[in-house]
Amino acid sequence: SSASTHLAIDLGASSGRVMAGFLENNQLKLAECHRFVNDPVFIQQSMQWNVHGLWSEIQNGLRKAANEYKNIRSAGVDTWGVDYALLDDQDLVAGPIRHYRDARTRGMMQRAWEIVPRDQIFQATGLQFMELNTLFQLVAARLNHERSLDVANGMLLMGDFFHWLLTGQRSVDVTNASTTQLLDPRTQQWSTDLIRRFNLPPAIFRDCIQPGTSLGPIQTSVAETTGLGNVEVIVPATHDTASAVIAVPAKNFAPEKPDWCYISSGTWSLMGCELSHPLVNERCSELNFTNEGGIHGSTRLLKNICGLWIFQQIRKSLDRRGAAESWDEMVARASEAAPFSLYLDPDDDAFVAPSDMVDAVIGYAARTGQHAPENNGVLYRSALEGLVFRYRDCLTMLESLVEHRIEVIHIVGGGSRNKLLCQMTADACDRPVVAGPVEATAAGNVVVQMLGCGEINNITEARQLISNSFGTEHYLPKNTETWSEAASRFASQ
Ligand code: ADP
Ligand code: LRH
């Protein structure tokens, strides 16, 4: 095809991928060029990003893309929120680049609240409290007297970091900056007050740019090693969740009265509404919802739910025992298993970063006075049911926050392929579920590059394109009674 090609580099926790996106017969096509692992590495006891490995895999992916497509116009990177790299004034990386599951942030929220009270942090940022937030990572660095903070003159979130490797340019995209808990969601400016009170170096916080901004061409050395030629970097919504939300095939954009919600379903489940303005009030703080930044100044009001992390890690732990099954087999076994045999709270601390997830589930069952899962089907099913209970509660909370009935739940991301999970979500929430697209994050990444190039005129057109291009599956609620009974049974446990 003669239409230009855009490369989405999407670094998820379950894999990294380089995807080519282009228009063909008025539809958006996504083709996978390269997929690679994205596991953290331990350096001594600290859990870090494998940036060298990733950078070389990204370049492998770009090389494959350059071989296959002759008309590549732009590229852009998205990845998970909160993690960062520090750079010094010689353009060297200062200090290790840590993974948010690293143990150094344990207990850091409480330490931080002693410095600035919880409600003041919430008022300033509108963000949910999670130990993994950049704020608590930086507080840990400060309290541990990490010297990197003293030499750094720039902080890049990880999408920005790979853009810097690609172009040599430093930039900070607002969508990922909004996950740090140091940005004011109303002004999209850094909170100088929090930065001062936490004794963080003001110089590392650079002005944010909006998704769709061009950073100029890929630097010559990278263009040469990959064979890419004249390709520019157009900053997508570098926060993967922001990219995924852009690709929700919804009927409208940031409505005043939202009647749809999304679950971006991958390693995490991010469940929420897209709003035109942040909602920073007491109720939001109580329910621990977050106001993250979306495209065109929109707000993603959402909650983090542990997600398919447990399901994924069970597979990994069985793999170590030589007994892993495919996703399809796992879903089939879970479907056959007896419902409600084991209740898991997926957000329990025990599941954050255990060395072995199957052991963690067995330990959790013992601690909560339940039987250990009698077979793999029950093991898998409990990880999914636990999630669905959280979705059910989260829907009620969302409706009370936006003061409107949610009529439909969109599930996007890898989890939208899990038919059991989609059906159980419809059943437990008593709402129709629309599942797809699977590669929402890459699709959202690509359409923002197209917006940046002027190939698409606005976000409504982008959503229309996505709706016309990717099939969705529809699930209607059944068995809602069973879920209400089970929910009250577990609530009273
Ligand atoms: P992330 O970007 O966080 O790495 P993805 O959106 O790629 O996550 O989703 C990965 C998850 O999707 C896997 O953990 C798995 O549970 C689910 N998944 C992928 N393929 C299938 C499938 N064929 N059937 C069921 N679930 C699947
Ligand atoms: C999902 C995600 C989520 C963040 C978490 C760290 O991949 O970006 O939105 O909260 O990772």
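Two strands count as paired if DSSP finds at least two bridges between them; helices (H or I, at least four residues) and strands (E, at least two) are DSSP runs, numbered from the N terminus. The model is predicted: local features need pLDDT of at least 70 and side-chain atom pairs pLDDT 80 or more, whereas totals for chains, interfaces and linings use all residues. Residues are numbered from 1 along each chain as its sequence is written, with chains lettered from A and ligands numbered from 1 in the order in which they are written.

**View 1. The open sheet E8-E7-E9.** Three strands make up this antiparallel sheet, in the order E8-E7-E9. Its edges are E8 (93-94) and E9 (152-157), each of which pairs on one side only. Strand E7 (residues 84-88) is joined to E9 by 5 antiparallel bridges, and Asp-88 stands opposite Ala-152 of E9.

**View 2. Helix H6 across the strands.** Helix H6 (residues 158-167) lies across E7 and E9 and runs at about 105 degrees to E9. Axes are lines fitted to C-alpha atoms, for helices over the stretch in contact (C-beta atoms, placed from the backbone, within 7 Å), and angles run from 0 to 180 degrees between N-to-C directions.

**View 3. The shell around ligand 1.** Of the 17 residues around ligand 1 (C-beta atom, placed from the backbone, within 6 Å), those that come nearest are Gly-12, Ser-14, Gly-266, Thr-267 and Gly-414. Helices H12 (309-320) and H13 (327-336) each contribute at least two shell residues, and the largest share, 3 residues, comes from H13.

Technical notes. Contact = placed C-beta atoms within 7 Å.
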